[in-house]
Amino acid sequence: MEVFINLLVNGVSTGLLIFLLAAGLTLIFGLMSVLNFAHGGLFVWGAFSGAWIFTETNSFLLAIAGAILIGMGLGWVMERFLIRPVYGNHVRQLLITLGGMLILSESIKIFWGPNPIRVNMPGWLEGSYQFDGIIIIKYRVFVIVIGLLLYLALWLLLRHTQIGLMIRAGVMDKEMVQALGINVKGLFTFVFLLGAALAALGGALLAPYSGVVFAEMGMQYAILAFIVVIIGGMGSLQGSALASLIVGVAGAFAAYFMPDLSLALNMLLLVIVLLVKPTGLLGEKGSAV
Amino acid sequence: MSLLKLDNLETYLEQYHILQGVSMSVEEGSITVLFGRNGAGKTTTLRSIMGFNPSTTGTVHFHNQNISKLSTHLISRKGIGYVPENQGIFSGLTVEETLNLAKAKSAGETEAKMEWMLQLFPDLKKFWRKKSGLLSGGQKQMLAIARAYINGDGLLLIDEPSKGLSPIMVEKLMESLLKMKEKTTILLVEQNFLMASQIGDYFYIMDDGKIVHEGLMEDLKEDKETCQKYLGIA
């Protein structure tokens, strides 16, 4: 029972971290039809800049805020100079965002060197909770709470604000949204910055969670996020949340019981979902939430 | 007085030369109908006005202001409401959400316009919380027209509204457009001559990307030769 609950908590917390990366990815794809392979680069920049600010200032909140700002800054540059010139051209998007991923990962080494960096846990999040002999690490609970709050905030944004209404309409029919006087390019930028902020936040939260960060981790997590986005249904926020939990929990159990099959299990899940429901678990045209 | 004036529009879609010097004007308070066979360039004319397929040469003036170089969202904000051929329904949004979205960037008295649309199309009120994708074909057309009217301010571009509708729905649509004419100007693309000839004031006929005939609708009804040659009506 202890093992089961621990694996479940690990899986849910890892799943919610993947969700932070996948949420931006799925909204960017849904609204802008852009498969952004460079998204993992924003995640790794969030992890390194957050770890660096935390080491320098000893303030975890400042580290998170700084990582988000740096992620948004990089996201703005990426959207303005890499993505915008290739809207509508999927082959060029694929090449340019893969290139962007490499540039972001390699540029990490210019600032922080080629070696992995150790990251400490903030003091107030160290330790664990104990219930009936079951030990749950405090930081994982923190990640779960933040992940759930962010999911709720995103859901509220999409469901109950005017900009959310515009985004949902834009996912369904970009042209018609423009015909209603809405600046769709501005909407693209907003969604891209939102996605960049979430990716960077995910990276900053992951750093103390894994205890070590390295430049190549962006691609590793981006692959998981892509699997999640496809399983959940491209463009669907709820689908991504559900798929993140499935992938996170399945990954945690697989890593414990059959560690060699961990990544293969995710691929198997992907194949099964694509065979049974090619649009993904909750994916359908015209659904952003 | 011309509310909308197109002067020598030339539009290409990839390598195809679709509009080949289209000039026309739409009088304020009128229903002007643009006829033509499939592929004549009617939809491209509306899309060029809206900036989706901008013309390479020529100008579009709305309220005497050149709007041909503006982006679509800025053209819309000038007061032009647009109903595309496929209706452009946001299938996952409710009727309420769709009409609220139409108000977001609209100029003018949006509340009054909304109220009037709900009087004109009571089904929209009835299915207020229903997803737009679940409405019938006729209801979707009503929603698309109401959305364009609420969003626009003075001019509606409507692309083949009778397409795929039952005769009863076409009748209702005609009555609604006639009522709307009292409050807005309409440029209507239509292939249903019977319907359009009953509500239109002026007409233009397009063929191979050019305007080949224009005039008063009353005159076209009498001109059997033109009707047969360009519209296939015996």
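1. A word on the ground rules. This is a predicted model, where local features need pLDDT of at least 70 and side-chain atom pairs count only at pLDDT 80 or more, while totals for chains, interfaces and linings use all residues. Residues are numbered from 1 along each chain as its sequence is written, and chains are lettered from A and ligands numbered from 1 in the order in which they are written.

2. Start with chain B as a whole. Chain B has 10 helices and 10 strands (DSSP runs numbered from the N terminus: H or I of at least four residues for helices, E of at least two for strands). Its C-alpha atoms fill a box of roughly 45 × 40 × 35 Å along the principal axes. The radius of gyration is 17 Å, which agrees with the value near 17 Å for a compact globule of 234 residues (taken over C-alpha atoms; the rule is 2.2 Å times the number of residues to the power 0.38).

3. Now for burial. In chain B, 44% of the 234 residues count as buried (20 or more other C-beta atoms within 10 Å of a residue's own; exposed is 12 or fewer, partly exposed is in between, and C-beta atoms are placed from the backbone). Helix α1 (residues 42–50) of chain B is mostly covered, with nine of its nine residues buried. Among them are B:K42 and B:R47. Just after α1(B) comes B:G51, with a positive phi of about 85 degrees.

4. One sheet of chain B is open and has four strands, in the order β2-β1-β4-β5 with antiparallel pairing (strands pair if DSSP finds at least two bridges between them). At its edges are β2 (16–27) and β5 (65–66) of chain B, each pairing on one side only. Strands β1 (residues 2–13) and β4 (residues 57–62) of chain B are joined by five bridges, and B:L4 has B:F62 in β4(B) as its bridge partner.

5. The other open sheet has six strands, ordered β6-β7-β8-β3-β9-β10 (chain B), and its pairing is mixed. β6 (80–83) and β10 (210–216) of chain B each have a single partner strand, so one side of each is left without a neighbour in the sheet. Strand β3 (residues 31–36) of chain B runs parallel to β8 (residues 185–189) of chain B over four bridges, with B:I31 opposite B:I186.

6. Where does α1(B) pack? It touches β3, β6, β7 (155–159), β8 and β9 (202–207) of chain B. α1(B) also lies across β1, β2 and β4 of chain B.

7. Over to chain A. Strands β2 (residues 128–131) and β3 (residues 134–137) of chain A pair in the antiparallel sense over four bridges. They form a hairpin with two residues between them, and A:D132 in the turn has a positive phi of about 50 degrees.

8. Finally, the two chains meet. The contact takes 18 residues from chain A and 22 residues from chain B (residues are in contact if their C-beta atoms, placed from the backbone, lie within 7 Å). On the side of chain A that touches chain B, α6(A) gives the most, with six residues.

Key. Contact = placed C-beta atoms within 7 Å. Axes fitted to C-alpha atoms, helices over the stretch in contact; angles between N-to-C directions.
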